[in-house]
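Here is a short briefing for a reader new to the structure below. Please look at the sequence and the model, then read on.

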Amino acid sequence: MHKQNRTHPAIEHEEFGASHDDGLQEQWRRVVGRRSFLKGVGLAGAAALPGSAIFADSAAADGGALSKGDVAILRLLAAIELIESDLWQQYNELGGVNGGNAAYTAALANLDGDMPQYISDNTDDELSHVAFLNAYLGSKGAPPVNLDEFRTLPSSKATGAKQTGRLTNLMALDVDTSWYVRYRSGQDPDLGAHFPQAVTIRRQPAIPVNDSDTPPANPAPVPPKNPQESRMQAIANTAGFHFAYIEQGGSSLYSIMALKATSLEVLRIIVSIGGVETNHFSLWHDKAGNAVAQPLAGVTDPRTGVTFPDLNAKGGDLNQTNLILPEPCAFLHRSLPPCSIVRPTLDQLGGAVATINSFTADRLFEGQSPKFFRTVHELAREADAASRGRV
Ligand SMILES: [Fe+2]
Ligand SMILES: [Fe+2]
């Protein structure tokens with residue numbers, strides 16, 4: 001029924017063994033070449049070291065210690081990626097390619113038949129981001145980020161969800177949907193523009209909560225025919241808007257952090273991962289629109305009253321669901337021509353502290369400990385304080 005998940009990188013390595021081996025050989029020659037400058041370390045010694053240690057040595061040979069600011073930026077981004085990974089894993093368990101909740105998957109598929117594939121791929125991407133950022137930090141002798149002690153929040157009790165501690169809570173979200181209007185508007189948030197909510201989503205689950213609320217064997221007709229089907233469709237629609245909300249936040253955060261990087265390599269990491277966050281946002285922006293377009297528009301959650309109206313019926317560019325590419329807007333100065341950009345671009349609107357505050361207002365951390373908030377706010381403050389060129 002669903003397409004297989006994309007090939008795991010480890011399998012690709014086997015399939016393309018010859019060229020991958022060539023790549024490894026080349027990488028190895030570069031590492032050994034650098035290490036030949038290090039006194040007293042022979043090839044046998046190098047081979048005994050794990051990869052990260054070799055990389056650390058080669059970085060040290062390049063004089064590659066990171067500035068305090070670059071470490072702070074990467075540590076904050078690693079924390080954000082851990083948070084993203086945690087929430088995406090919850091979505092993936094229930095509605096991904098191997099998702100265990102058929103009714104949720106069917107309701108998501110009403111937004112787009114490929115939703116399970118996209119959810120699994122987005123999850124893979126976030127896991128790769130956190131693994132890379134933490135490995136890179138370690139390779140530079142900087143401490144990686146570990147939030148395991150805060151995996152204390154309960155899992156959904158619905159069929160498909162693993163019973164394990166979570167960092168994030170997807171069961172009563174206040175989803176900010178103003179991004180939908182912001183990206184259709186010619187106004188720039190950095191120049192003071194404010195945007196209304198496209199859809200009002202308050203205290204609404206984005207994943208099924210338990211099987212008596214939303215039975216996992218239920219169908220997902222369009223439109224839903226009974227209260228349980230409406231409830232599940234409203235939950236799936238909320239997920240659609242939440243996906244885009246999370247990823248537009250990541251898009252601005254990475255853009256803003258890039259401005260603070262000192263090392264060219266750290267800048268390369270930030271813009272390279274940041275581009276994928278924007279790629280994610282663009283995809284989810286398109287899917288969310290299908291919740292508020294015909295034939296699906298008009299679903300109301302019978303428990304919360306959250307409604308997904310027909311935005312196209314409202315009329316106007318700020319509502320039209322297929323206007324998913326960023327409208328050119330004022331940028332830097334109103335005397336300059338409008339420009340299609342990722343926005344906001346200012347610390348106070350989309351920087352590290354602003355992102356944590358936005359996720360908190362989203363109720364993503366509902367139930368977390370004071371120590372969790374202290375930890376993520378400290379990481380965020382240090383990242384916002386980073387400044388390009390300061391060692
Ligand atoms: Fe990410
Ligand atoms: Fe992301």
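At what angle do helix 9 and helix 10 pack, and how far apart are their axes? They pack at an angle of about 155 degrees, with axes 7 Å apart; axes are lines fitted to C-alpha atoms over the stretch in contact, and angles run from 0 to 180 degrees between N-to-C directions. Helix 9 is therefore roughly antiparallel to helix 10 (an angle over 145 degrees). This is a predicted model, in which local features need pLDDT of at least 70 and side-chain atom pairs count only at pLDDT 80 or more, while totals for chains, interfaces and linings use all residues. Residues are numbered from 1 along each chain as its sequence is written, and chains are lettered from A and ligands numbered from 1 in the order in which they are written.

**Helix 10**
- Helix 10 covers residues 264–289 (helices are DSSP runs of H or I, at least four residues, and strands are runs of E, at least two, numbered from the N terminus).
- Its buried residues include Val-266, Phe-281 and Trp-284 (buried means 20 or more other C-beta atoms within 10 Å, exposed 12 or fewer, partly exposed in between, with C-beta atoms placed from the backbone).

**Cis peptide bonds**
- A cis bond with omega of about 10 degrees joins Gln-294 and Pro-295, and Pro-295 lies in the loop between helix 10 and strand 3.
- The bond from Arg-343 to Pro-344 is also cis, with omega near 5 degrees.

**Positive phi**
- Arg-203, in strand 2, has phi near 50 degrees.
- Arg-363 has phi near 65 degrees and is partly exposed, with 19 other C-beta atoms within 10 Å.

Key. Expected span 1.5 Å × (residues − 1). Parallel < 35°, antiparallel > 145°, perpendicular 65-115°, else oblique.
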